[in-house]
There are 2 protein chains.
Amino acid sequence: MSKIDKKYAEYAALFESELHNYINSFHASPSVLFEAMKYSLEAGGKRVRPVLLLAANEMLGGSEESALPFALALEMIHTYSLIHDDLPAMDDDDFRRGNPSNHKKFGEGMAILAGDGLLSLAMELCLANIKDDNSLSATRILFAAAGVSGMVAGQAADLLSEKKQEYSERQLLYIIKNKTSKMIAAPLAMASALNGGKYMAEMKNFGRTLGFLFQVVDDILDVEGEASEMGKTLGKDAQEDKLTSVKYYGLKGAKEYAEKLYNESVSSLSGVANSAYLAKLAEKIYKRTN
Amino acid sequence: MSKIDKKYAEYAALFESELHNYINSFHASPSVLFEAMKYSLEAGGKRVRPVLLLAANEMLGGSEESALPFALALEMIHTYSLIHDDLPAMDDDDFRRGNPSNHKKFGEGMAILAGDGLLSLAMELCLANIKDDNSLSATRILFAAAGVSGMVAGQAADLLSEKKQEYSERQLLYIIKNKTSKMIAAPLAMASALNGGKYMAEMKNFGRTLGFLFQVVDDILDVEGEASEMGKTLGKDAQEDKLTSVKYYGLKGAKEYAEKLYNESVSSLSGVANSAYLAKLAEKIYKRTN
């Protein structure tokens, strides 16, 4: 395991441990609702958003304790979006991370409520941890990225794009920006906010390009990836005639775009002290195979 | 129009005006998502939760300006819960307030997103208005009532109750408390929080009994009400064999329970200065026909 991978594993383990403690502190009912929420929360995934927050927060000199609740909230919001996105009325996916999707396991009604519950719980967790202007600011950044000027708008545009015969580059970039990029950029801006706004402009630029990079690589992997590594149905974008970077630019064009985004993301860190690890994370996201 | 009804109409008009201004300050995309959110937000309803907040806030000496954003957030959360509750996988209702339900008008996928969007927007609106400990406390009360220790848990228990052959009074009271009562009680505790916690214990007691009263009257109206006045499909509870107060106590028993709750709600206001109007609101909820 490389030094970079080891550090990633450490951040991820720290997050998993906090998640585990948090979930087990709950004595909530009805039990099925909590099982449904836990099922998707604990299904793994790469924990990219929490790791980005923890890494940027450490780089900026922040304490683990102050960042961890927001790392949990980030992943809860990401998880709710996956549960709702997999529903038959949305992307209609039967599998997620190699396991039956939430509604396949618990039924559609409970899956809708598990998603609503995770979004609500993310809010409660943030509210419990608003202690000063920094934490209030981090919470505002998170919900601006997740809401109707961010992820929810991106999901809606994505849903509408499936039925369209015509599409433009503007529409493509709108979907990438809102559906994916803002929630990848959020942890970086949140880390800055938690540390008094240090390097805010740089963190925003880095986050934006990294978020686009993440989605473009995802689009490429949907065509070229291995289902066994990805843990989900591949080739679905083309099957559903979704507007993706590969559909718009072609496979070669998407790869060139990814390279450009990777270079931009690294450039945006010039001038940021101790940012070598964040640059390595960008490389990891660029070169990932799952 | 009685004096009480006139005052109610004034609070409701103040709320509608604020809602109208807020909605029109938005320039958001995709437009269909916003149409779906607006459709249900503007569909009317009695605006009970906002009126309770505005009335209690005025009684406690608070300013309209400080309470109005929270009144909007309350109604957004209530509206999101109705949209998701009407979905085929949940209550499967084709009509709401005399109009096609959200998913009948915009499709299931967009209705799920409209609900997610309203919940997110409620949070953003509260976050924008957290300015001191009072407003932070009011926000925490709202999301505690709406989330997995409140409304979402109640919805899940209600969903699970449909399939059960056996049921207990404990289950019935759990559903009423969480699904309905907490979101009726929230505005009263929020009003207290916004005004430094004044009469908090009394507002909580009044809110709890009023919330139960609201649901038991709803159960009675589902049997005895007029569809034209209610604006929704009636008799559905019995048809779906739902666990309601009428099913458990019988119609006569439910009416006796409602009377008891009404009396308790009024008693809990003894000692609260200027609470005559809140008592009248309880009477209005008790005697309502729609």
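**Close-up views of the A–B dimer model**

**View 1. Interface between chain B and chain A.** Together, chain B and chain A bury about 3,600 Å², with 76% of it on carbon and sulfur atoms. Buried area here is the accessible area (1.4 Å probe) that two parts lose on being put together, summed over both. On the chain B side, Leu113(B), Leu127(B) and Val148(B) lose the most area to chain A, together 17% of what that side buries. The model is predicted: local features need pLDDT of at least 70, side-chain atom pairs count only at pLDDT 80 or more, and totals for chains, interfaces and linings use all residues. Residues are numbered from 1 along each chain as its sequence is written, chains are lettered from A in the order in which they are written, and side-chain values use heavy atoms, without hydrogens and water.

**View 2. Residues and polar pairs at the contact.** Chain B gives 43 residues and chain A gives 43 residues (contact: heavy atoms within 4.5 Å). Eight residue pairs are in polar contact between chain B and chain A, both residues at pLDDT 80 or more. A polar contact is a pair of N or O atoms within 3.5 Å; within protein, one must be able to donate a hydrogen and the other to accept it, and residues adjacent in sequence count only if both atoms are side-chain atoms. H6(B) supplies the largest share of the side of chain B that touches chain A, 14 residues (helices are DSSP runs of H or I, at least four residues, numbered from the N terminus).

**View 3. Two-fold relation of the copies.** A rotation of 180 degrees with 0.0 Å of shift along its axis places chain B on chain A, RMSD 0.0 Å (least squares on C-alpha atoms of residues with pLDDT of at least 70 in both). The two copies are thus related as by a two-fold rotation axis. Of the interface residues of chain B, 100% are also interface residues in chain A, so the copies meet through the same surface.

**View 4. Salt bridge Asp5(A)–Lys284(A).** These side chains meet at 2.7 Å, N to O (salt bridge: a side-chain nitrogen of Lys or Arg within 4 Å of a carboxyl oxygen of Asp or Glu). Asp5(A) lies in helix H1 and Lys284(A) in helix H14 of chain A, so the pair ties together parts 279 residues apart in sequence. Asp5(A) is partly exposed at 29% relative accessible area (buried is under 20%, exposed over 50%, partly exposed in between; 1.4 Å probe, protein chains only). Lys284(A) is partly exposed at 30%.

Key
Helix = DSSP H or I, 4+ residues; strand = E, 2+ residues; numbered from the N terminus.
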